[in-house]
Amino acid sequence: MSTASVANHDAAHDHGDHEHHDNFVTKYIFSQDHKMIAKQYLVTGMFWALLGGFLSVLFRLQLGFPEMDMSFLRPLLGGWIDETGHLDPTFYLALVTMHGTIMVFFVLTAGLSGTFSNFLIPLQIGARDMASGFMNMLSYWLFFLSGVIMFISLFLKTGPASGGWVVYPPLSALEQAIPGSGLGMTLWLVAMTLFIASSLMGGINYITTVINLRTKGMSFSKLPLTIWAFFLTAVIGLLSFPVLFAAALLLVFDRSFGTSFYLSDIYIGGEALPNTGGSPVLYQHLFWFLGHPEVYIVLLPALGITSEVIATNSRKPIFGYKAMIVSLLGITVLSFVVWAHHMFVSGMNPFLGSIFMFLTLIIAVPSAVKVFNYLTTLWRGNLIFTPAMLFSIGLVSFFISGGLTGIFLGSSAIDIQLHDTYFVVAHFHLVMGSASFFGMIAGVYHWFPKMFGRMMDAKLGYIHFWITFVGVYMVFFPMHYIGIAGFPRRYYMFTNFDFTNMYTDLNMFVSVAAIITFAAQFIFLFNFFYSMYKGRKATLNPWQSNTLEWTTPLHPGHGNWPGEIPSVYRWPYDYSKPGAEEDFIPQTVPLSATPESNLPHEQELVKVELEIMKEEEEVLVSNEAKH
Amino acid sequence: MIFSIIWMVYRIQTLVSVVKGSDKKVASGSNKVNAILFLVFLVGTGILMFWYSIKEFHNYQLPIASEHGVVTDRLFWVSMAITGVVFLITHVLLFVFPYKYQYSEKRKASFYPDNNKLEVIWTIVPGIVLAGLVISGWMAWSDITAPAPENAHTVEIMGYQFAWEVRYPGKDNVLGDYDYRLITATNSHGIDFSDKNAIDDFPSPVVVIPKGEPVLFKIRARDVLHSVFAPHMRLKMDAVPGMPTRFWFVPTKTTAEMREETGNPEFQYEIACTEICGRGHFSMRKIIEVVEPEAYQKWYAEQKSFIQMNPSLAAGLPSEKKEVAEIQLSEK
């Protein structure tokens with residue numbers, strides 16, 4: 001075992017020598033360095049987040065101020081603003097569809113997992129790079145290509161895909177039903193296919209790297225929770241994305257080759273279509289078989305990041321490390337067996353509804369455990385409010401608020417009324433949208449010093465946090481009231497019905513809050529790009545954290561550690577250990593070096609540790625002799 | 001513009017902090033400010049939430065007009081009570097801890113890595129509470145989705161871009177067959193009039209149903225997915241092309257009674273679409289009129305069938321079927 005790992009180190013050394021030959025293209029564009037790829041994902045993700053946010057501002061304008069003259073947007077939107085200055089209702093649907101697609105896939109899947117799995121997995125497990133740097137690069141560029149295609153679809157004359165981000169057929173299959181289902185939908189499918197390929201390549205890499213390339217001593221029980229979360233996220237993605245691909249492929253067949261997987265008994269545009277025997281509900285099953293795990297693909301990395309940030313800034317071990325892992329595993333497994341709770345009133349067999357209600361509410365248990373563990377970690381800590389810490393606390397708040405409303409929606413009888421109303425919008429924007437977004441932002445603030453060797457400005461971070469935190473609640477909390485009142489989703493305006501002909505004031509309030517929250521993100525953007533060049537120089541371990549990435553140089557080269565990869569001797573959460581001088585002990589400090597703070601069972605391990613170290617020494621010496 | 005302002009403010013505060021030397025400390029004075037802001041947020045938004053929830057209750061709590069609606073609303077408010085308590089407790093802790101345990105150089109955090117007893121407690125307690133919710137929810141769900149009683153009044157609702165059409169089974173209480181390939185400008189339902197059950201079927205511009213008696217909505221769609229949503233009835237079911245769906249319920253208040261209860265003389269029960277279906281998704285309105293059973297019987301008997309309204313529909317039928325249709329025509 002030890003020989004193998006030493007041989008590995010040697011190989012990596014040779015690899016490290018190549019970095020001097022990097023030119024601009026191989027360093028910044030077609031880079032195979034996981035750190036650069038992570039930054040590429042981050043910046044691309046930020047671009048998409050801005051665009052996705054901007055689309056939401058557009059439709060919030062429509063919802064908050066339905067009478068507004070939007071002629072000033074004509075230079076941008078052209079024909080989508082009609083002669084009277086109103087937004088086209090079809091384009092409104094295109095806006096919500098693209099907002100959803102962009103945010104879920106391009107921002108919170110690629111932007112979040114892509115950035116932090118890439119950046120942190122090798123650094124925190126002690127690896128030179130990903131298992132396959134080339135595949136990693138390919139993964140990013142497929143994502144980029146997918147983004148280019150999706151971006152182009154925004155400018156089509158018939159508009160981008162407009163059937164909601166779930167693109168249920170027959171609406172998404174028939175051009176006659178909505179113009180966006182023409183070329184726009186074709187491009188959507190092409191882009192998603194590339195995206196799925198990108199996700200799979202990324203995921204395979206993450207899994208392989210975590211399993212195979214951990215440094216000496218880094219057992220699974222010593223992995224930081226971030227890595228556990230990224231690892232399980234990749235597993236979920238690997239198992240569920242192919243099903244989305246299958247769903248999309250069958251949709252392509254139905255759209256282009258006259259099959260009837262999803263189509264049956266349709267009379268549209270004055271003619272009866274020949275398709276019979278298909279089932280639109282089949283698509284929904286396939287879609288949500290990815291769609292629900294996707295929620296956790298988005299959420300788990302954020303929870304992993306939060307665990308790390310909260311422990312570090314509470315100066316306290318994460319409470320219930322093992323319970324956290326077990327609950328992550330529980331969520332991973334259960335996430336595959338709850339999908340049909342999106343379909344209680346889709347017309348599927350009600351018995352199936354009962355089964356999925358049981359399974360859905362079980363998943364609330366591991367989620368509850370995580371919340372209680374976060375709270376206990378804060379309890380009697382010594383809390384430092386870095387911007388990352390603030391955003392992590394914000395995440396826990398959203399996770400609670402949005403998670404609790406999930407209990408309503410998971411109960412099929414209650415869901416009859418709430419399904420496809422604003423209650424659902426409020427629920428998932430809090431628990432998956434905002435929570436994951438906060439996890440991502442927390443990650444950026446926390447690991448910025450490692451990414452760019454400089455600090456982001458804390459005060460701007462505080463302002464950014466408070467406006468965003470209050471703003472998010474002001475946007476999504478009122479939606480619960482609107483949802484309980486029965487307001488349906490994806491409505492262009494609410495004046496056609498008596499029961500929705502109210503709450504214009506509240507909708508206006510939500511829109512204003514959304515615009516302010518969106519504007520506040522520019523504070524972050526400024527802070528990010530300014531600090532990248534002009535920020536205060538970071539110290540090597542600015543947050544006094546235990547994990548491995550802080551043992552690398554300020555600007556780690558390709559290969560991460562200039563010499564040997566450090567070995568790991570303890571779990572990553574030895575904060576404020578009684579007896580220790582400092583309030584943190586990095587993972588690289590052997591137990592034998594800290595007899596004053598060792599717990600009884602750790603004292604036992606010291607002997608084993610010393611033996612292994614001795615053995616290691618011998619191997620090194622003999623290797624040296626061979627050279 | 002925005003950038004230059006941010007930049008100015010930013011430069012000034014950086015310079016100030018450098019002068020003060022606060023950028024060197026582990027936790028600056030901002031730590032205290034942030035800790036206090038969490039408390040302010042807790043109290044401020046807490047008050048806002050209670051005030052608005054109470055003030056607006058009559059607005060967002062729609063009056064209930066069906067038997068199962070009472071059950072689902074009770075489940076909703078029981079869940080609200082339970083989750084509300086959890087919501088408050090966890091949030092009080094989440095925002096009070098930051099204030100109470102804010103950084104101090106004099107203190108050291110407690111090394112408290114785990115406690116199996118606590119973990120077991122907060123795995124089992126939510127488990128039990130959720131089991132209670134699941135079982136009560138499941139019982140309600142089984143009742144609601146059970147097959148409709150035999151005496152249920154059947155109404156067929158068909159969604160298309162962008163409206164609903166309604167069909168009643170007529171005197172024989174059996175809806176006639178339909179086939180989407182038979183749809184024409186005059187036969188928008190695609191009714192197969194060669195089926196004798198179809199001959200007395202009649203359309204209606206509004207959904208008329210009797211109070212206090214079971215009603216079965218047979219739901220279908222002609223082009224894309226739609227979803228029948230009657231908010232006051234607490235009723236929702238997708239309309240799927242190629243797969244008929246159903247939902248039965250018992251309305252409990254007539255439109256007239258509801259007008260009195262809400263104090264709104266123009267009150268109407270409405271059906272809306274809740275599955276994205278295209279450009280006119282937000283305008284698929286249909287009115288439900290709930291009347292006393294006697295008034296319903298009377299109304300039902302007075303309706304004219306499709307064939308009576310448009311005898312040409314019977315054209316082209318085999319002769320013996322035509323006879324039945326003609327007999328029916330001559331009756332009126």
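I call a residue buried if 20 or more other C-beta atoms lie within 10 Å of its own, exposed if 12 or fewer, and partly exposed in between, with C-beta atoms placed from the backbone. The model is predicted; local features need pLDDT of at least 70, side-chain atom pairs count only at pLDDT 80 or more, and totals for chains, interfaces and linings use all residues. Residues are numbered from 1 along each chain as its sequence is written, while chains are lettered from A and ligands numbered from 1 in the order in which they are written.

**Strand β7, chain B.** In β7(B), 5 of the 5 residues are buried, so the strand is largely enclosed by the rest of the structure. I then checked its pairing (DSSP must find at least two bridges). Strand β6 (residues 226–230) of chain B runs antiparallel to β7(B), over 5 bridges. B:L235 is the bridge partner of B:A230. The hairpin of β6(B) and β7(B) leaves 4 residues between them, and B:R234 in the turn has a positive phi of about 55°.

**Cores.** I took a nonpolar core as buried Ala, Val, Leu, Ile, Met, Phe, Trp, Tyr and Cys residues joined through C-beta atoms within 7 Å. The largest has 270 residues, and A:F231 and A:A435 touch the most other members. Helix α5 (residues 89–125) of chain A gives the largest share, 22 residues.

**Confidence.** I read pLDDT as the predictor's confidence in each residue, from 0 to 100. Chain A has a mean of 92, with 96% of its residues at 70 or more.

Key. Helices (H or I, at least four residues) and strands (E, at least two) are DSSP runs, numbered from the N terminus.
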